[in-house]
2 protein chains.
Amino acid sequence: MVRHTLEYPKDIHNTVNRYKHQAVYSLTTIHTFINTTPVLHANTNLHKVSFSPSPEDPFPVILPLIGQMGSFSRPSASLGDPLECYLHGYVSSRIMNLSRASGGKGLPICIAASKVDGLVLTLTPNSHNYNYRSAVLFGHATLVEDLDEKLWAMELITNSVVPDRWRHTRLPPNAAEMQSTQILRVKIDSGSAKVREGVPNDEKGDLGNKEVLGSVWTGVLPLYEQFGEPVPGPYNEVAEIPAHVLEYRESLNKRNFEYAGAAARKDAPVKKKEPGEED
Amino acid sequence: MVRHTLEYPKDIHNTVNRYKHQAVYSLTTIHTFINTTPVLHANTNLHKVSFSPSPEDPFPVILPLIGQMGSFSRPSASLGDPLECYLHGYVSSRIMNLSRASGGKGLPICIAASKVDGLVLTLTPNSHNYNYRSAVLFGHATLVEDLDEKLWAMELITNSVVPDRWRHTRLPPNAAEMQSTQILRVKIDSGSAKVREGVPNDEKGDLGNKEVLGSVWTGVLPLYEQFGEPVPGPYNEVAEIPAHVLEYRESLNKRNFEYAGAAARKDAPVKKKEPGEED
């Protein structure tokens, strides 16, 4: 039985208007990318809500946050299912207060994740490109007040840093820790992603220019994140580095290395201009 | 002679209110970090300006962009001097139109860069941390209309992808390329950065718990970006990979590896709670 692939419907927020051939609306793709990005960027119209430092404040604010897609009501949901985004961040008190104050639907928020997978070096400056993945989600954020959901989200987020880390730490969090941790649940309205992978592509005019072809090196420089050797801390008393750390290191290093290398060798994306598409 | 180190003055936008001991206002630190981040995130209050798709649109929007600090009027300026941020991005036409329409001071914009340098694995979920660097700039964006400045900024941005790449490509850009490229110049109002580096630090209560200390591995897993082997493209005719590519690959790989490794071994930051500081 073929399972349907869910996509976010295109609306005025998430529709990609430029390089539409690179646009992806698949829930699986977008959620996977959010979940494998160590730092997300979120912004919100602080000045629109009562806790703004100044009502005349013209600036939007971007905060780096840790986040993870999941479903508290259906923990077995897959990455291709509708999910919420749970956020935990350092610069959180302002945004948390705003969420509390916003009431009702929650605080409108945009969440972004981007990763460069390679430098695409072409004949001309203008054709230079990145192999990259980027995703954006739009939704409404509210503070998680339910203790069970909060504890579940804390485990979800801790295990996103290193899979299976949660149960290898001192548990459960004490009352002070539960109190000081604040989690936002973002109900997702829409989202989209853009992905570029492949070899360089230049314009026809330059490809026909023998002098240029003979003098400019073209190709891809793959770029990927790697974990180094684990460095035990000053008060560590566990001699052996645990399997959940070593296995994650090995699998992430392999996955990142292979992704960037494969992206560097794929066929170049074919740009098809659609009616109404911007240049 | 000692040179003064310039800092962004603290204002309501850029002041770090949480983990103040990690806050950095030095122009050199912030500009260097912006310049070494391959993708920046910028946002702007689209709905506040006339080109918004809907006046009722509640969502802020985050765009991934390439950017670089520089000074067109004083190209010899160092990273510690006041600089502008030049932005070039794929999803640019909407933001470019907004900038054009905003007139006067320009479009209020926030630019963010974040990088994780290591996972800091501690005794409790709550003490887990990243070694990381993040920077944020606030400013006003206007479209670069002057052709000389535009060409200068294109060279600046191309050479930020690979140093010295510009002069190794087919030059100059033709009229169509100049026309299709749009660059934003952001006059910076303020900025700040946050940096965490060092070994794990746990709470005293857990450090005194022998059972916890004997069962939970603590340490840092350094995380850093590396370039793989250059992959020549399908129409490349230059047999030898050029020195500007090879040298950049080698220097970036070395710098990233060393930074993350050193950060994993430094003393843990000492958190000093200041009067009025949030938890």
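Colleague: What ground rules apply?

Modeller: The model is predicted, so local features need pLDDT of at least 70 and side-chain atom pairs pLDDT 80 or more, while totals for chains, interfaces and linings use all residues. Residues are numbered from 1 along each chain as its sequence is written, chains are lettered from A in the order written, and side-chain values use heavy atoms, without hydrogens and water.

Colleague: How much area do chain A and chain B bury between them?

Modeller: Interface size is often given as the accessible area lost when the parts come together. Here that is about 9,300 Å², 64% of it on carbon and sulfur atoms (1.4 Å probe, summed over both parts). In contact are 110 residues of chain A and 110 of chain B (heavy atoms within 4.5 Å).

Colleague: How many salt bridges are there between chain A and chain B?

Modeller: Four. A salt bridge puts a side-chain nitrogen of Lys or Arg within 4 Å of a carboxyl oxygen of Asp or Glu. One joins E225(A) and K115(B), at 3.5 Å, N to O. Strand β5 (residues 107-121) of chain A gives the most to the side of chain A that touches chain B: ten residues (strands are DSSP E runs of at least two residues, helices H or I runs of at least four, numbered from the N terminus).

Colleague: Is S190(A) buried or exposed?

Modeller: Buried, because its relative accessibility is 1% (buried is under 20%, exposed over 50%, partly exposed in between; 1.4 Å probe, protein chains only). S190(A) lies in strand β7 (residues 184-196) of chain A. Its contacts beyond four places in sequence include Y8(A), H13(A) and F138(A).

How values were computed. Buried area is the accessible area (1.4 Å probe) that two parts lose on being put together, summed over both.
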